[in-house]
Amino acid sequence: MKGKIAYYLKQESSKNVIWLFLDKILRLGVGLIVGVLVARYLGPELFGKWNYAIAFISLVSAIATLGLDQIVVKHLLDKNEEERLLLGTAFYLRLIGSFICTIFVVTYFYFFKNDSLLLGVAFLTVLNLWFQAFDVIDLKNQSLLQSRKTVIVKNSVFVVLSIVRLFFVYFKFSLISFVFLGLLECMLGALGLILYYGINNFTEWKFNIAYCNVLLKQAWPLILSGIVIMMYMRLDQIMIGEMIGDRGVGLYSVSTRFTELWYFIPSVFASSFFPKLVEKFNINKNNYYDVCLKLLKLLFVISFSIALFFTFSSNFIINFLYGKEYIMSVFALQISIWTGVFVFWGVAAGNMLVIENLNKHNLIKSIQGLLLNILLNLMLIPKYGINGAAIATLISQFYASYLYYFFFKKTRHIFILQTKSILFFNYVPS
């Protein structure tokens, strides 16, 4: 019986990975082409203004998501709670978080940024969080290894609106129009998920105070660490905007776009491996560590290959796609692309911390990484501009996603597994 279950999980996991890759490859191809055309049309100034708003909202977006994703998936796998109460509680918690984010963002841009266009961009962008609350339906799909449902719904909307974006570029629509399309994509995606899940099932969702307390108790380190992670992933753009201006944000955003373009890869593998890792951890720790090592090896090979390719081809890529107006993004891309190696590891390691009930380390390492990032940005941006911000991010990610684990006994096995994944030795912690 166990053999049949293991075979089923393996088959479903493989199918899930394929669907998630199809999703990301489509978005990678279509999104890159459309994104380049939009960036060239808007120019570094307006493109930078838009990315400044996105970066700021990203700083507080963890309040909306509440770090619940993997916690909810784990509860769904354990099947200790009713689905309608668990998903309903998670959904309403995310709505509350979205409301708090909206108030905070509108207050900041209204009182501290004397720019009506920027306020409009920020308001429309933060509304996306309200509709992303419906992504709790995707958590149900993840627990069943049926991400194809989410892929079909969201990619259908994405392709249609990508075509509309091309028309907007051709007919020279305003920046606000492009921002509104992003909101419309979230709205239609949420509607599609509800229809796929079933309206009757959705209306049965209930908020349960007991589950609320359980979820928040388990998730609060992830909430705080999520805020901190977003801060040291996006704070560099905020600091560039304040110290250099919107044009600097636009140039830097192009370099980070190519770096972050590949971050879906560890998420795909991590989410697909997660149910299997939970099962292995509960049954056999040695098998669990063996699967973790295989995952880390795979992620290292992929991320290292991507970094090597962009190191030597970034000059051609930026010139060909964005033009000479964005040429200053080249060196920043050559630096920041290596951040991906540690981000890939960090995603896998973060899931290990959740499975092993070491969530507090997600928060601690994130705070330390943030403080290091802020210090380095203050030192390097005035001297090296956007290149200094890229260096600061690389160093802080190296520490938070790799070196940190060495300093604590309970997490040192993660550091060793990551190191072994480079050297390709087999290792199973005792």
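The chain exposes about 19300 Å², and carbon and sulfur atoms supply 68% of that area. The model is predicted.

**Exercise 1. Overall build**

Task: Find which secondary structure the chain has, and check its radius of gyration against that of a compact globule.

Solution: 
- Step 1. Count the elements. The chain has 18 helices and zero strands.
- Step 2. For 430 residues, a compact globule would have a radius of gyration near 22 Å.
- Step 3. Compare. The chain has 21 Å, which agrees.
- Step 4. Along its principal axes, the C-alpha trace spans about 60 × 50 × 35 Å.
- Step 5. Look at burial and contacts. Of the 430 residues, 56% count as buried. Among contacts between residues at least 6 apart in sequence, 82% join residues at least 24 apart.

**Exercise 2. Thr 339**

Solution: 
- Step 1. Locate Thr 339. Its place is in helix H15, residues 339–355.
- Step 2. Apply the cut-off: buried means under 20%.
- Step 3. List its contacts beyond four places in sequence. They are Tyr 263, Thr 393, Leu 394 and Gln 397.

**Exercise 3. A nonpolar patch**

Task: Name the helix that gives the largest share of the nonpolar surface patch.

Solution: 
- Step 1. List the members. Leu 26, Val 159, Ile 163, Phe 167, Tyr 170, Phe 171 and Phe 173 make a patch of about 700 Å².
- Step 2. Phe 167 lies in helix H7.
- Step 3. Conclude. Helix H7, residues 148–170, supplies the largest share, four residues.

Note on methods
Residues numbered from 1 in each chain as written. Predicted model: local features only at pLDDT ≥ 70, side-chain atom pairs only at ≥ 80, totals over all residues. Heavy atoms only, no water. Patch = residues over 30% accessible without salt bridge, like charges linked within 9 Å, V, L, I, M, F, W, Y side chains within 5 Å. Areas by Shrake-Rupley, 256 points an atom, 1.4 Å probe, with all protein chains shown as cover. Salt bridge = Lys/Arg side-chain N within 4 Å of Asp/Glu carboxyl O. Helix = DSSP H or I, 4+ residues; strand = E, 2+ residues; numbered from the N terminus. Contact = heavy atoms within 4.5 Å. Rg over C-alpha atoms; globule rule 2.2 N^0.38 Å. Buried < 20%, exposed > 50% of the residue type's maximum accessible area, 1.4 Å probe, protein only.
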